[in-house]
Amino acid sequence: MKTIKDTLNITTQQEADVMGTQAENQGKATQKNRLEIRRAWTDDLDRLMKWRMEVLRDVFAPLDPALEPVLEANNRRYMRQGLENGTFEGCFAVLDGNIVGCGAICYQQEMPSPDNHTGHSAYLMNIYVCPEYRGLTIGSTITSWLVAQAKAHYCGKIYLESSDKGRSVYEGLGFQPMTDMMTLG
């Protein structure tokens, strides 16, 4: 039986059947279910913010309640500007009319190099699937959609940070650990 990765030709408006042995075994999705990856627009800003805060609460649990308003204001400003100037692109995974996940790209420009001739790069982030819908290839589908968008923008480098929960999803799509990066602080 084909999985959603096998059947999906990613476009902004195209739907894909949610199929696969794992989904059928879990009884959460069958061939009648429809998954759509829908691009977010500026009028989706409140919805994007709801999902961003959900991701932050999940990944950085427990999130300091005093920090939440600051993060929300700064993220809202970043997303609004990015949506308007094209440096940020978000999406929602919609299953049977319900949003069950999200993802985003931050487009950046770096100095061109032998491994990125254009200097265009894409940082994938905020990839999240509601816990009750995990294991149905929705995270892979979101990530594949984001990668297709980045490639359409001629990004020579596409990277992301991964939680332990998401690592196998990204590795299954061909992402490899970066051993030459460091962080300060």
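Read from the N terminus, the elements of the chain follow the order α-β-α-β-α-α-β-β-β-α-β-α, which amounts to 6 helices and 6 strands in what is a predicted model. Of the chain's 185 residues, 40% count as buried. When contacts between residues at least 6 apart in sequence are considered, 58% of them join residues at least 24 apart.

Helix α4 covers residues 68–85, 18 residues in total, and reaches 25 Å from its first C-alpha to its last, close to the 26 Å expected at 1.5 Å a residue. Its buried residues are E68, N75, M79, G82 and L83. Viewed down the axis of α4, these buried residues fall within an arc of 95 degrees, and they therefore line one face of the helix. The spacing can be understood from helix geometry in general, because an α-helix has 3.6 residues a turn, so that residues three or four places apart point the same way. The cover over the buried residues of α4 includes α3 (45–59) and β3 (88–95), while the face of α4 turned away from the buried side carries the exposed residues P69, E84 and N85. Just after α4 comes G86, which takes a positive phi of about 85 degrees.

The cysteines deserve a separate look. A disulfide is a covalent bond between the sulfur atoms of two cysteines, and with a cut-off of 2.5 Å between the sulfurs, the count for this model comes to 0 disulfides. For C102, the closest cysteine sulfur is that of C91, and because the two sulfurs are 7.4 Å apart, they are too far from each other for a bond. C102 counts as buried, since its relative accessibility is 1%, and C106 is also buried, with a relative accessible area of 3%; the cut-off for that term is under 20%.

Finally, there is the question of open space in the model. The largest pocket has a volume of about 810 Å³, and of the 30 residues that line this pocket, the closest to its centre are V59, I127, S163, G166 and Y170. The elements that give two or more residues to the lining are α3, β5 (120–129), α5 (138–152) and α6 (167–172), and among the contributors β5 gives the most, with 7 residues.

Technical notes
Residues are numbered from 1 along each chain as its sequence is written. This is a predicted model: local features need pLDDT of at least 70, side-chain atom pairs count only at pLDDT 80 or more; totals for chains, interfaces and linings use all residues. Side-chain values use heavy atoms; hydrogens and water are left out. Helices (H or I, at least four residues) and strands (E, at least two) are DSSP runs, numbered from the N terminus. The expected span of a helix is 1.5 Å times one less than its number of residues. Buried means under 20% relative accessible area, exposed over 50%, partly exposed in between (1.4 Å probe, protein chains only). The arc is that of the directions from the helix axis to the C-beta atoms. Contact means heavy atoms within 4.5 Å. On a 1 Å grid over the protein atoms alone, a cavity is a set of points where a 1.4 Å probe fits but cannot get out, and a pocket is an open set with protein on both sides within 12 Å along at least five of seven lines; lining residues have an atom within 4 Å of a point. Grid points are joined across faces, edges and corners, and a volume is the space filled by probe spheres set on the points.
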